[in-house]
Amino acid sequence: MTLGPSAQQWAAAVAAVRSAGLDDEIQLICHVNPDGDALGSMLGFGLGLRRLGFTRVRATFPGDFVVPTPYQRLPGADLLVPEPDAFADPRLVMVFDVASESRLGALAGRLAAAPASVVLDHHASNTGFGGVRLVDPQAAATSVVADGLLSRLGVPLDPEIAECLYVALATDTGSFKFDMTTVSVHELAARLIATGIRPGEISRQIFDSKPFGAMKLTGEVLGRAVLEPAAAGGRGMVWTYATLADLERYGQPPYVLDTLIDPVRSVAEADVSVVVKQVAAGEWSVSLRSKGAVDVSGVAVSQGGGGHRLAAGFTGYGEPSDVVDTVRRLVDEHLN
């Protein structure tokens with residue numbers, strides 16, 4: 001079992017934060033196409049820095065400045081700035097939910113140049129970049145690591161910080177139903193709820209609200225799903241794909257496809273599920289899930305991606321059939 005951060009690493013992270021003056025520039029960065037854990041962990045920690053008295057804190061992510069609708073009203077959203085507006089020479093850079101520097105795009109230069117940097121992550125495939133590394137593969141979400149550092153910095157939980165961390169925790173555990181949902185996860189959720197946040201309202205906003213066009217798009221993409229019972233060593237694989245033309249036809253932004261993997265992975269006859277989403281001509285974002293027979297992180301890492309044993313992703317090229325052919329071959333090589 002891979003252990004989490006050591007006492008020395010926690011202490012080094014606290015020292016790195018404390019090394020910044022209250023008026024120094026602090027840049028927070030999460031990964032491209034941010035999800036609930038990336039944004040929730042980053043904004044929750046940013047609010048914590050404000051509680052400590054830091055006055056110049058910004059948060060950003062590489063690529064187009066598109067915040068998915070469910071997360072636009074998160075507390076601390078005013079910290080968010082487009083990539084060009086990130087601090088040019090920050091005193092401290094903190095990175096959230098990023099397994100490799102490639103997921104930082106051009107912002108990786110800020111990390112390399114900063115006098116101090118801290119990486120908070122929970123991906124087993126983390127490549128070990130940054131100054132101080134708080135990487136805990138046993139954590140259900142990066143928000144667990146963020147909570148640990150906030151606690152060590154003496155920042156008490158309040159409803160705003162708690163809402164951000166709860167959204168992060170709930171999204172990365174699939175509403176507390178994935179394998180990483182442990183006793184400690186529920187204990188953290190209880191502490192967050194105790195601040196007065198309303199989990200039912202949060203869940204409706206994050207999980208149970210989508211445009212009619214997004215529902216129609218989901219129906220069409222699910223309708224083209226293919227089940228391959230003989231794949232994955234006879235454990236079965238199910239896959240589907242979505243194109244930019246699909247998004248345009250229904251007038252939807254790309255992030256509406258982020259949760260498409262959830263209904264696909266529910267297929268009883270398949271251990272492995274795959275969703276291939278077009279991001280440009282000949283370029284596809286590939287989401288992988290396994291129910292236990294396959295280490296999909298190994299599949300993803302071999303293609304330059306990353307993730308967890310049962311949930312991972314990478315960028316593929318060619319046609320959807322080319323991407324699926326690659327996955328089909330690699331899945332057999334990574335049977336548990």
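Which residues line the second largest pocket? Let me start there. One caution: this is a predicted model.

The lining is made up of Pro-70, Arg-73, Leu-74, Glu-163, Val-167, Ile-197, Arg-198, Glu-201, Ile-202, Gln-205 and Ile-206. Two elements give two or more residues each: α5, residues 159-172, and α7, residues 199-206. Helix α7 has the largest share, with four residues. By class, six lining residues are nonpolar, four are charged and one is polar. The volume of this second largest pocket is about 280 Å³.

Next, charges. Side chains of opposite charge can pair when their charged atoms come close. In this model the count comes to 13 salt bridges. I will take three of them.

First up, Arg-224 and Asp-246. Their side chains meet in a salt bridge, at 2.8 Å from N to O. The pair links distant parts of the chain, 22 residues apart. Arg-224 sits in the loop between α8 (212-223) and β6 (226-228). Asp-246 sits in helix α9, residues 244-250. Asp-246 has 3%, so Asp-246 is buried. There is also a network here. Salt bridges link Glu-220, Arg-224, Asp-246 and Arg-249.

Next, Arg-328 and Glu-228. The closest N and O atoms in this salt bridge are 2.8 Å apart. Arg-328 is partly exposed, with a relative accessible area of 26%. Glu-228 is at 17%, under the 20% cut-off, so Glu-228 counts as buried.

Then Glu-333 and Arg-329. Here the N to O distance in the salt bridge is 3.8 Å. Why are these two separated by about one helical turn? Because they are four residues apart in helix α12. Glu-333 is exposed, at 52% relative accessibility. Arg-329 is partly exposed, with a relative accessible area of 46%.

Now a charged residue without such a partner. Asp-136 lies in the loop between β5 (132-135) and α4 (142-152). Asp-136 is buried, yet has no salt bridge. What is the nearest side chain of opposite charge? That is Arg-152, 8.9 Å away. A salt bridge needs a nitrogen and a carboxyl oxygen within 4 Å. Where does the side chain of Asp-136 reach? To the backbone nitrogen of Gln-138, at 3.0 Å.

Pro-320 belongs to helix α12, residues 320-333. Is Pro-320 buried or exposed? Buried: its relative accessible area is 11%. Pro-320 and Tyr-241 are 79 residues apart along the chain, and their C-alpha atoms are separated by 6.8 Å.

Val-183 is in helix α6, residues 183-193. Val-183 has a relative accessible area of 63%, so Val-183 is exposed. Take Val-274, 91 residues from Val-183 along the chain. The C-alpha atoms of those two valines are separated by 29 Å.

To recap. The second largest pocket draws its largest lining share from α7. Arg-224 and Asp-246 belong to a salt-bridge network with Glu-220 and Arg-249. Asp-136 is buried and has no salt bridge. And once more, the model is predicted.

How values were computed. Residues are numbered from 1 along each chain as its sequence is written. This is a predicted model: local features need pLDDT of at least 70, side-chain atom pairs count only at pLDDT 80 or more; totals for chains, interfaces and linings use all residues. Side-chain values use heavy atoms; hydrogens and water are left out. On a 1 Å grid over the protein atoms alone, a cavity is a set of points where a 1.4 Å probe fits but cannot get out, and a pocket is an open set with protein on both sides within 12 Å along at least five of seven lines; lining residues have an atom within 4 Å of a point. Grid points are joined across faces, edges and corners, and a volume is the space filled by probe spheres set on the points. Ala, Val, Leu, Ile, Met, Phe, Trp, Tyr, Cys and Pro count as nonpolar, Asp, Glu, Lys and Arg as charged, and the others, Gly among them, as polar. Buried means under 20% relative accessible area, exposed over 50%, partly exposed in between (1.4 Å probe, protein chains only). Lys and Arg count as positive and Asp and Glu as negative; His and the chain ends are not counted. A polar contact is a pair of N or O atoms within 3.5 Å; within protein, one must be able to donate a hydrogen and the other to accept it, and residues adjacent in sequence count only if both atoms are side-chain atoms.
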